Amino acid sequence: MMELKFARRFALPILLLVALLGENFVGLLPKAEASATVDITPVETDEVLHNPGMGLTVTEIAYPGLMDMGVSSGFEEVDIVAIATTWGYIEREEGVYDWSYVDQLYNYWVSKGKRIAFKLSVEPFYYADGHQELLPEWLFTEYNLPYQYQTFGGGSDAKWVDQNDPIYKEKLTAFMTEFANRYKYDPNVEYVDLRTYGLWGEGQTGYVYPTTESRRSAFIGLIDIWNNAWEGRKWLLQNNILEGTAWPDDHAPSYKDYEDFLYMSAYDYSASKPRISFRRDGIPDFYRDYEKQLLDDVFFNTDLPLGAEYCFAYEHYKSSNKVEWANNEIIDKMHFNFLNLPGWEPAHDADDYYNERPDEVRRMLKNIGYRFVLTNAQYPAEVAAGESFTFDHTWVNRATGKSPEQYPLKIYLVDGNGRTVWYGTDSEFDQRRFFKGNSYSAQSTFSLPAHLKGGTYDVKIAMVDRLSGNPAIELAIEGKDAEKRYTIGQVTVIPSLPTLEAAKAYDVGGTPGTASGDQLVLKFDYATNGNVNPVAGKLVLSNGHTLGTYPSFAWSGDNRTLTITLGNNPTVEAGDTISLTAGNGIKDSIGRVEVVTAEPMTISGSFNPMYQLSEQYSSVQGQNGWRYMYHDGNGYVDMAWDGAKWKGPDAISYLFIERSAHMLAETYDAVPTWEAPFDGTVRIRGTAKMDDDGGNACYGCGDGIRTKIMRNGSQVWPSSGWQSIQATDLVGVSHDATIEVQQGDRLYFVMNRNGNPYFDGASWNPAIEYIA
């Protein structure tokens, strides 16, 4: 039963042999001889790590008089604040939702850097201070739902309903959808407790069903309501103990065996949902065999995290001298990623535990979740640019939990100025099944680009987020920098010989035609020796043209780009060719071999004012005339900069414009926009085409895009309607239009998703040139 479901859903390798980054580049120099191997054993640290998908939790009750918000403790080492609330409190009137106290707690703790969880109950709920919340009373007054009276909490009676009732399910679905829509896209929310049945969601008191099947039917319906509302966007942690006093009439008050335990509680059904996991409230004092078997099945056979909560308040463990015993039991026998402090919330005595026992707090922080240590790494001491190398690495996990997400391994080469000159990602490296007590070895293969400058570089590693590629995980080794990258050694790169890759003209003065101060930019495919003024007479132009008298030269930081500022009375034009002849002074990155051109290079671009999206892409709206916008159905709206690209509203994941002119339109149109800096005649050229998104396995699965160009409110291209681009069209459709513009006019390059945004990444890199 359970084993078959888990085996079908999660079958992941533990040992990885990975080859990445496609075909090797072939350098122009002979391959490096076999070099010595760098063998590294990083120094392990004892610090507390704060990582996603794990951590200690403290509960805050969203109710006046019970909210602490840092009064008793700042809980600095606690990662997650679980906000406890109920359906009955939030929706006291049907369709009217009071989020005020939830929002107060959320806003306060997020401002303190905490992640958020929700202890959301849809049953009567009793807090330890004596306060209780019941089901919404309008369920009974407006819809006359049948109910049972059951005693709970401090002895009060509460109404418990048959959760198979269609009206109950309809109203709960509406509430859960409202709740999920507020938080399912929120990156600050870590997980949500699926507290569906009985007191505290633990089955301690609840509706007594006549049969096992009717109870199971109710549980399956509840699981579906939660799962459908959250759409798999957050982990839902379901309590894995449902017995208490509410056994169905046709079942003895105990489980026959493990299969009966799963069937009675519908945990076998929960296991079919990829983002539903389990939590155990009541550890370590109550932890029965079936519960342990279920949690071990989930831990060892899925990628889901487990959560837990201590059984008693801190005072109980303190007065009975069992604080260390309780924590030892959890460390030695259990595998949790999330653990609520004993005493649960400051309104009880979680603050006393945190303030009085920082030693135990830190010990638990170092033992729950995951704690990865690189124990050994090996790689070549020298690598030639353009060649591949292997990186052998061995890891252990010192903690008792696991990583519920995959974090690819990224390796960086960093120069003496702290600048990253290259990085490579092993996207197959997978630490989700790194369990305590084992050692895991992997081999990653990377290819250095042929243009990489020669020299000795620091080698840094990081475990990174799969989507952003940014370092995401703290490791228990020395060498961490401010970006969560870890320096583990050095490597020497042997350079390749550069050749001229491109020559491009740029207008500087803002007037048509070649003039002193305009620029000619030469780009080389590999790094050069740089920082040398070439002999201008050895840069030969066609048609007898010149760079003018006294041109000046400036190299880029990576020594691959030479910017020539034209001197007095230049005659060079776009369309001329340029050649580098012997004696020009430009050599390879370590100054050995001079660079000469085998064939003349044609000068592209223009000495007229030219504006191109990718060339002048900026993190500032309006810089170089470009804005990055979307159309929300009512008008054009500026996008927001997320540190790497321009993107739409936070609730929309795939609406963005990137530096490469790659863009995607989800829900709203993506609209790169150019604003005319002065009056004149402009030529608008470009090609709108689909991208294969780096060889995505589902390239062509989308339905293509639609495009058009607008000047203010008038259409420029096509003459009317939309220009459609088919999903597999990597060539695209070009435009070339000449129009008059006045200062302040805007050209909107509108990309529409067509029917849907799936697998419809596109490129559109328009260029606007003043020709008069």
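The protein chain carries 65 positive and 104 negative side chains, and the centres of these two sets lie 2 Å apart, where Lys and Arg count as positive and Asp and Glu as negative, with His and the chain ends not counted, and where the place of a charge is taken as NZ of Lys, CZ of Arg, CG of Asp or CD of Glu. The model is predicted, so that local features need pLDDT of at least 70 and side-chain atom pairs count only at pLDDT 80 or more, while totals for chains, interfaces and linings use all residues. Residues are numbered from 1 along each chain as its sequence is written, and side-chain values use heavy atoms, with hydrogens and water left out.

The C-alpha trace of the protein chain spans about 100 × 65 × 50 Å along its principal axes, and its secondary structure comprises 13 helices and 45 strands (DSSP runs numbered from the N terminus, H or I of at least four residues for helices and E of at least two for strands). Of the 772 residues, 54% count as buried, that is, under 20% relative accessible area with a 1.4 Å probe, protein chains only.

Beyond its neighbours within four places in sequence, Ile461 is in contact (heavy atoms within 4.5 Å) with residues including Leu374, Phe391, Trp395 and Tyr486.

Notes:
Buried < 20%, exposed > 50% of the residue type's maximum accessible area, 1.4 Å probe, protein only.
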